[in-house]
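Reader: I have a protein model to look at, and I would like to learn how to read it. Could you walk me through some features, one at a time?

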Amino acid sequence: MADIAKDSAPSTPRTIFLKDYQPPVYLIEAVELRFELDPERTRVRSKLLVRHNRLQAASGQPLILDGKQLELVSVRIDGVHLEPHQYQLDPEQLVLPPLPDGTTVEIETRIAPAHNTALEGLYVSGDMYCTQCEAEGFRRITFFPDRPDVMARYTTTLVADKNTCPVLLSNGNPVAEGELADGRHWATWQDPFPKPSYLFALVAGNLYCQQDRFTTRSGRDVTLKIYVEPENSAKCEHALRSLKQAMEWDEQAYGREYDLDIFMIVAVDDFNMGAMENKGLNIFNSACVLASPDSATDADYYNIQSIIGHEYFHNWSGNRVTCRDWFQLSLKEGFTVFRDQEFSADLNSRSVKRIADVNVLRAHQFAQDASPMAHPVRPDSYMEISNFYTVTVYNKGAEVVRMLHRLLGAAGFRQGCDLYFARHDGQAVTTDDFVAAMEAANGVDLDQFRRWYSQAGTPVIKATSTYDAQRQQLLLTLEQSCPPTPGQATKLPFHIPVDVALLDEAGNPMPLTLEGDTAGASANKMLALRQERQEFRFSGISQRPVVSLLRGFSAPVKLDIQRDVRELAFLFAHDPDPFNRWDAGQTLALQTLLELIAAPGAGTGVGLDPAFVDAFQTTLEHPQLDPALIAQALTLPSESYIADHCEVVDVEAIHAAREFVRGELARRLQPSLSAIYHRYDRQEPYCFTATAMARRSLKNLCLGYLAESDAQLGRELCLRQLASANNMTDSLAALSILADHPWAQRETELRRFYERWHHDPQVVDKWFSIQASSCLPDTLERVEALLRHAAFRLTNPNKVRALIGRFSMGNPIRFHSADGAGYRFLADRVLELDAINPQIAARLVSALSRWRRFDPARQALMRQELERIAAQAKLSRDVFEIVSKSLDA
C-alpha cells in the first residue's frame, strides 16, 4: 500500500548556514534507476549501494533521504521489505534505520510528471518527458541524499510507449535496448563517471535528431546529437556549429577533452533556466538552441553560441570537479562564466564582449549588492538555494576568476587550472580548493584575495593624483572602502588589481616606471591595492598626464575620480583601451543626465554642453572604430543604471532627462546618423560574423535616433525596413521602434508580425516583450490584455519572462507608475505563480525588493504589496525568503 506524507510545511522556512556543513554520514557508490514513464503515474524504482563515509562515524546514524511530493510504494533493505513502522516519512524526508556498510536499498515511488508545474524533477513539456534536477529537483523523482557531495555512478533504464516516445535518453553512453510485448520499448544508459544527483537527466519523446561528429585532439571520435521537436528541424545548425567550436576551444585554451562517446543536447520549451549541463545530456531552453536568420536575432545567435559553450565547459568545471555544497555554487558557475566569456571574446569582438559583460554587472549585480538580497560570492546562508542562482554568484564570481587571471598572468592561471583539475578530478570541493591550486601552482599567497568570496558589497576606489612638473613625477593615491551589507557591517580591505596607464596629450600611453617596482618601464602597470589607502609614485613623466584607471575593468568596483567634461571627452576620443574609452563616454553621459535630473523641470529648457555633443559626434564619425563599439558608445546609460546613482529615485525625472538627451543628440547629429544608416542598410544574405553584427547594431542604433529626430522620417524608415528585412535582427529593431511611438501604423504592424509568426514560440516571446517594453501610457493595460492572449501561458517561464518580467524589470517608467498599479499587477501575478512555479515567482518579486530607494509615496505602495504577499497563508520558501528580507531591510 502506498505511503504519502502529508504536506505540513513550517510557516517560517529554516535557514541553512555554511558554518553548519557536515560531510554526509553515508555515501552512495552506485545507483540503478528504472522509469516506467506515464504522464499521470510514472513508476520509479531505485537501487542504491550504500557505503559508510570514512570522514564520518556512521555507527548508529540513520540514513536520511530527501524526497518531495513522492508517493512511496515500497522500501527494501538487502531484499527485505520494510513496513511503515520501520521507517519515518515526512513531507521532505524518508529516514531509514542505521545501515551496515555495503547495504543495498531499493525504493519504489510513483510521481505524476504531467502535474509538475514547478518544472523541477521529472515533468512533461508538450509531449516530451524531461528533467531538471539542479539544485534540488532529484528529490522530486525518488528518495535520495540529494546533495552535491554524494557522487555515484548511475545506470538508468527508461521504459515508454514506442509510438509516443521513440527516443529514450539519459546520462552517459547507451548500453542496451529492446522491446516489450505490450508495445513499449526500453533503453539502458550507463554513466561511467561518478556524479551528484543534480546532474541526473532523462528525456523521452518524439524528437528529430541532427547529428555530427567531433574528433578530439587525441584521436577519439565523439558523436554529437541535437534533439528538437520535428517542426524545429531547420534550426539546429548554429547550435551544432557552436558546440564543435566550444569543444575545439576548450582543448586549445585549457587542454580539456570530452570524455564520453556521445554528447547530446535537447531543446525544451518549458524550462526554468537557460540550460543545464547534465553529464552527456544537456537540456536547454529552446530559446537557447533554436536559430534561423528569419526567426532569431544577432543577440539570439550570440547567446546560443555562448550558452552552448558554457554548458559544454561545465563538463570539467562543474561535472568532473563539482561543488561540495551549494554555498560553493560559484566554484562551478563563476569559473564557467569566465570561460564562456573568454570563448565568446575569442570568437567575436573582445572589446564589445567586455563592455556587454560589465554592463550586466553594473546594471544588475551592483544593484543586487545594494539591495536586501546582497550576499557574498560564496553565501553564508540561505532559505531556498534556487534564490542564489544570482548575478553575484555567476557574474561577480566570474570577475573574481578574471582577477586571478590578471594577477597570475595567462600562463600562471593555466598552471593553476591544470593543478586544480589534476588534484580534484572526481571530487566535490570548495572555492578555497580552487584558490589553493592557484597558490600552489604559482607560489603566491592569495589569503587576502579570498575576501572576494566571503565579503559582500561593491568596493569603491577613490582616486586622486598630483603631478610635480619639476620632478616629473605623478603621485597616485588610491583609497578603498565597501559599504555595509546585510549581516556585514564592516569589511576588511580587498586585494584589488588596478590596471593603470598615463596618457600624453595625444592619447598615447607614456612609459611607466613605478617607484619600488623592479619590472622596468611599461605602457601600463597592474597595481595591487591591498590596504585602505596606498600611494603609487611614477617617475619620468615629462608632461601632465591624463590618468586612465581600471583599464579593461580590471576589478568589479566603483571608481570615484573627479573628471571634468574636457577630460572625459578626451578619454572618450583618445583612450586606446576600448573599455575605458566607452566608459568615459558613459560617465560623460551620466554626469550630464544627473545634472538635468537635479535641475528644476528635468529635461526641459536646458541645452546640452557643446563639448558633450562634440564628443559623441567625434565617436560616431570615427573612421577606424569598430561599428559595434560605436553603437555601444552612443547608447545612453539605462534608466535603471541612472537610478542607481540617485539618492532618491525620481522615475519621471530620469525618464524625461534621458528622452531629452536622446532627442537632442538625434537632432544635432541627424546628418551623420542618416548617412551611417544608409551606408549600412544593405540587402545582403544574413551571416553571423562579428563584422556583420557590428554593422547591423550601428545601423539600428542610428534608426532609433532618427525616429527621435524626425517622426515622419523615422516612421517611413521603420516601415521600409520592416517590409524589406531578410533577418529578424532588422525586423525586430524596426518593430520595437514602431511599438514605442503612438504612430497610426503601430497596431497594424504588430498584428501583421504576430500573424506571420504565431506558429513560432520564440518569436512570439519577442512580440510579447516588445509590447511590455513600450514607454507609452497604455502599456500596463496592454500587458493585462496580453495575459488573456491565446499564445500566453502562465505555466511557461519564457512567456512569463517575456511579458510580466519585461514589464516589471525592463520598463521603469510604466512599472513605477505613481498610482501603484504596476506594483499591484506584479503582486497579483506573483501570488498566482507561487502556486504554479515558485522559482519564477521569486525572481519576479525581486522587482519590489529595493522599495526604500524611491520617494515616500512609492515606498508605501511597494511595501503594501510586499506585505500583502507576505500575509498569504501558504507561501513558498522561494518567495518567502525574498519578501521577508525585502521587508526587514
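Author: One idea to begin with: two strands pair if DSSP finds at least two bridges between them. Please keep in mind that this is a predicted model. For a case, take Ala501, whose bridge partner in β33 is Ser548. Strand β29 (residues 496-503) and β33 are joined by four bridges and run antiparallel.

Reader: Which strands form the open sheet with antiparallel pairing, and in what order?

Author: Three strands form that open sheet, and the order is β31-β29-β33. The edge strands are β31 (525-529) and β33 (546-549), each of which pairs on one side only. From one strand to the next, the twist averages 35 degrees.

Reader: Which helix packs on that sheet?

Author: Helix α8 (residues 565-574) does, touching β29 and β33. The direction of α8 makes about 60 degrees with that of β33.

Reader: And where do side chains point in a strand?

Author: As a general idea, side chains in a regular strand alternate between the two faces of the sheet.

Reader: Which strands make up the open sheet with mixed pairing?

Author: That sheet has five strands, in the order β30-β32-β28-β27-β34. At its edges stand β30 (513-514) and β34 (558-560); each has a single partner strand, so one side of each is left without a neighbour in the sheet. Now look at strand β27 (residues 460-468), which runs parallel to β34 and is joined to it by three bridges. Lys462 has Asp560 in β34 as its bridge partner.

Reader: How many residues lie between the strands in the hairpin of β15 and β16?

Author: Four residues lie between them, and in this hairpin Gly183 takes a positive phi near 95 degrees. The strands themselves, β15 (residues 173-179) and β16 (residues 184-190), run antiparallel and are joined by six bridges.

Reader: Let's turn to helices. At what angle do α1 and α3 cross?

Author: The axes of helix α1 (residues 237-254) and helix α3 (residues 329-347) cross at roughly 105 degrees and come within 11 Å. Angles of 65 to 115 degrees count as roughly perpendicular, and that makes α1 roughly perpendicular to α3. On the α1 side, the residues in contact include Trp249 and Tyr254, while α3 brings Phe335, Phe338 and Phe343, among others. By class, the contact of α1 with α3 divides into seven nonpolar, two polar and four charged residues.

Reader: How do α19 and α20 cross?

Author: Helix α19 (residues 761-773) and helix α20 (residues 779-786) have axes that come within 8 Å and cross at roughly 150 degrees. Angles over 145 degrees count as roughly antiparallel, so α19 is roughly antiparallel to α20. Trp767, Phe768, Gln771 and Ala772 in α19 meet Thr779, Arg782, Val783 and Leu786 in α20. This contact of α19 with α20 has five nonpolar, two polar and one charged residues.

Reader: Which classes do the residues lining the largest cavity belong to?

Author: The lining of the largest cavity has six charged, four nonpolar and two polar residues.

Definitions and conventions:
Residues are numbered from 1 along each chain as its sequence is written. This is a predicted model: local features need pLDDT of at least 70, side-chain atom pairs count only at pLDDT 80 or more; totals for chains, interfaces and linings use all residues. Side-chain values use heavy atoms; hydrogens and water are left out. Helices (H or I, at least four residues) and strands (E, at least two) are DSSP runs, numbered from the N terminus. Ala, Val, Leu, Ile, Met, Phe, Trp, Tyr, Cys and Pro count as nonpolar, Asp, Glu, Lys and Arg as charged, and the others, Gly among them, as polar. Axes are lines fitted to C-alpha atoms, for helices over the stretch in contact, and angles run from 0 to 180 degrees between N-to-C directions. Angles under 35 degrees count as roughly parallel, over 145 as roughly antiparallel, 65 to 115 as roughly perpendicular and the rest as oblique. Contact means heavy atoms within 4.5 Å.
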